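Biologist: Could you take a close look at one part of this chain for me? Please start at the surface, and then work your way into the packing around it.

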Amino acid sequence: MTEQAGRVAAPARRRRGPASTENGQRSRDRVLKAALELITEAGIDRVRVAEIARRASMSSGQVMYYFTSKEHILLETLAWQDHLDLLRTRAALEKVTGAWRQMERYIYNYLPAGPSDPGWILWMESWARAPHNRQVTQFMEELLAPWRDDLAAIIARGVAEGEFAAPASLDDFTLRFNALLDGLALLRLRQLHQPARKRLVELALTTARAELTPDPAVPAG
């Protein structure tokens, strides 16, 4: 993977260059949509740039005008899909009140719907490349940061409202809890013996309750 591919930024940001115009952005989004469909169907290693171009009704040269490599396409597609997933999760959180209900909704939206969940397939494909590329690791950390920030906001609100006990370290809790969700997600992504999503949500909530439920013997504040 090239260093340039590792430095690509999230698609929510307007950038200079080939995709800085409205037409350029639309063309680029066509490539990302086509890549999402093909990677979900077969995995990035079995997808050729020519296939992505054909699915997007473009030439390979047009695709490579916006992207430097197939790995670059993978990372930008991940960022594109993750941005949509994050927006959907935030919209879902706004529809519920109470810290525990928000925690449950956050967990539900974080976990994959099933083994063909497109966002999680992209995460798995990208994670496989992270151990060999520092820039890819940094890119993925930047995508994960808003999820941890949203979890931290739920916990902070719950502590302020008296529903949660304050964890010893909020940063440590969000890192550890999202790592737990990542592990549960792997169980959901298996082709065989998949626990139901509802069951995984219950397991995660059990862990959260063990640490965040206030002790009635300890005065608030």
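Modeller: His 193 counts as exposed because its relative accessibility is 70%; here buried means under 20% relative accessible area, exposed means over 50%, and partly exposed covers what lies in between, with a 1.4 Å probe and protein chains only. Please keep in mind that this is a predicted model, where local features need pLDDT of at least 70, side-chain atom pairs count only at pLDDT 80 or more, and totals for chains, interfaces and linings use all residues. Residues are numbered from 1 along each chain as its sequence is written, and side-chain values use heavy atoms, with hydrogens and water left out.

His 193 sits in the loop between H9 and helix H10 (197–212). Helices (H or I, at least four residues) and strands (E, at least two) are DSSP runs, numbered from the N terminus. The backbone of His 193 deserves a look too: its phi is positive, about 55°, although the residue is not a glycine. Most residues other than glycine have a negative phi. Ser 57 is another case, with a positive phi near 60°. Ser 57 is found in the loop between helix H3 (49–55) and helix H4 (60–66), and its 61% relative accessibility makes it exposed.

Helix H8 (residues 134–160) packs on helix H9 (residues 170–189) at an angle of about 120°, and their axes are 10 Å apart; the axes are lines fitted to C-alpha atoms, for helices over the stretch in contact, and angles run from 0 to 180 degrees between N-to-C directions. H8 is therefore oblique to H9, given that angles under 35 degrees count as roughly parallel, over 145 as roughly antiparallel, 65 to 115 as roughly perpendicular and the rest as oblique. The crossing of H8 past H9 is right-handed. For the handedness, a crossing is left-handed if the near helix is turned anticlockwise from the far one by less than a right angle, and right-handed if clockwise.

From H8, the contact takes in Trp 147, Arg 148, Leu 151, Ala 152 and Ile 155, which meet Leu 170, Phe 173, Thr 174, Leu 175, Phe 177 and Asn 178 of H9; contact means heavy atoms within 4.5 Å. Sorted by class, these are 8 nonpolar, 2 polar and 1 charged residues, where Ala, Val, Leu, Ile, Met, Phe, Trp, Tyr, Cys and Pro count as nonpolar, Asp, Glu, Lys and Arg as charged, and the others, Gly among them, as polar.

H6 brings Trp 100, Met 103, Glu 104, Ile 107, Tyr 108 and Asn 109 to the contact, while H10 brings Arg 197, Val 201, Ala 204, Leu 205, Ala 208, Arg 209 and Leu 212. These residues divide into 9 nonpolar, 1 polar and 3 charged.

Phe 164 lies in the loop between H8 and H9. In contrast to the exposed His 193, Phe 164 counts as buried, at 3% relative accessibility. Its C-alpha atom is separated by 5.4 Å from that of Thr 213, although the two residues are 49 apart along the chain.

Trp 120 and Trp 123 are among them.

To place all this in the whole, the protein chain has 10 helices and 0 strands, and 44% of its 221 residues are buried. Of the contacts between residues at least 6 apart in sequence, 69% join residues at least 24 apart.
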